[in-house]
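Dear colleague,

Please find the structure below.

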Amino acid sequence: LRSVISFKQNKVPLTYDDFNDGMSLGFVNNLDWLDVTVKQKENQIKYKVTSIVSFAEWLIGFDSVAVKDDFGYIWNGSYWQSMPVKNIFNMIDVSILTIADKLQLSSNKKRELQKDVKPILIEQSREFDNTPKSGYIAFQNWTLNINTNNFFKPKKEMNLIDGFDFSPDETGKLPDTWIAYAHYMFGNNADFLWAWFGYAFQSNMNWRQGALFLLDPIGGTGKTHFVTKITQAMFGEKRVGAFKLKNLQGNNARFETARFVGKSIMIDDDATRVRFKEDDTFKSITGGGLSPVERKGVDGTEYRITSKMIINVNEMPIFNNAGAIKRRLHIIKTQVPVATAAEIARRDALFTEEDLENEIPRLATYAIEMFQKAVREDWHVKNSIVDDIVAQDPFVTWHETLEPGLQKSSDLYMDYTDFYDTKFASKNEDDKPMSVQSWGRKMANWNEKITTREGKFY
């Protein structure tokens, strides 16, 4: 924190004799919350915090911190970096301890400041604007206006939340080696992949809702290596996360969504043959809606996730054809042979590590430009195979068998589970009908629910 650095650099006189060593009280004049008393005879200098409110306002403003909606924020000179609230509170505690020690304040005063500054911070942060600013992207030392493609120096008052801890290349040069590498891996759909990377820099879900699946039918082609390499280079380690598609359903979903907070791109390195029976969370995450987020030690909350998903598979997960799920699945197939030793040597020669490393600063701007082009020209995956891989929805298929009339909920659910076990269940012990809670939510969307003394009916 700036306050810690400032007070560590200050030479604070504590005795009258310290004036002989060139120390002064000039810094006190700049702090309206601090008073000083000089006792020459006792060879003492005493400091006093005259106003806790003034001290808190100075500390909050000097360190540029805020707390709102269960998240903490600190200005790092380029953007407002988000972090857990407890991190902000810990930083404030350390700052107060440092300042109090330098001024030789009493232990009671330290505890009083630590206790009273935090509620003042929460109150002052009520007007803090932490909403996504979809027209701008924050980088280290630069902000990009994506409507005009112009870079300008960061402005704290714009309240841009989270950014990228590297400076982009402004020369307009292309990452030619990376472009060739992507085309080698994915053929004509490499452009769509680049657009998806550029989409991941946007803090909205306004283009293609859903997830990008990289399908490698033969396996072992090196797609995971390529995706890991380019995403880490393009976004930085802090903005790339890992998740499991299978956990975005059932009771695991509310914890799995916490992994998405603060990330630009999320990768599942193998979602082969995942059976997706409950797609509510998947739709809310990929549609820009509010998603339940729960983290250990923190009360559950809702968060608007804008992370883009890339999912590596050798066989596509099994999705049910309900709720327009097909338009959320974007599938690109690899076009390369298995990565044998000879094939790896060939790639190393075509796409040298030195060239790839030198072109890293050009990745972000190129991907963003490809995204903008994709939006203008309404790109889709070429030769899409999504119609071939979406399965029948067991619920929809079962629901079509029902006879009209009032029927008891428990009887209906038992009939659904029997139907599922007969028509859809595999030998996999994890392949089970959806829970009664999820089934009930779907039933309520399709039918009128009636509650009586005898129970629930549809």
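Across which strands does helix α3 lie? Helix α3 (residues 85-103) lies across β3, β4 and β5 and runs at about 55° to β4. Angles run from 0 to 180 degrees between N-to-C directions, with axes fitted to C-alpha atoms, for helices over the stretch in contact (heavy atoms within 4.5 Å). Helices (H or I, at least four residues) and strands (E, at least two) are DSSP runs, numbered from the N terminus.

This is a predicted model, in which local features need pLDDT of at least 70 and side-chain atom pairs count only at pLDDT 80 or more, while totals for chains, interfaces and linings use all residues. Residues are numbered from 1 along each chain as its sequence is written, and side-chain values use heavy atoms, without hydrogens and water.

The three strands form an open sheet in the order β3-β4-β5, with antiparallel pairing (at least two DSSP bridges between two strands). Because β3 (65-68) and β5 (80-83) are at the edges with a single partner strand each, one side of each has no neighbour in the sheet. Four bridges join β3 to β4 (residues 71-75), and Val67 stands opposite Gly72 in β4.
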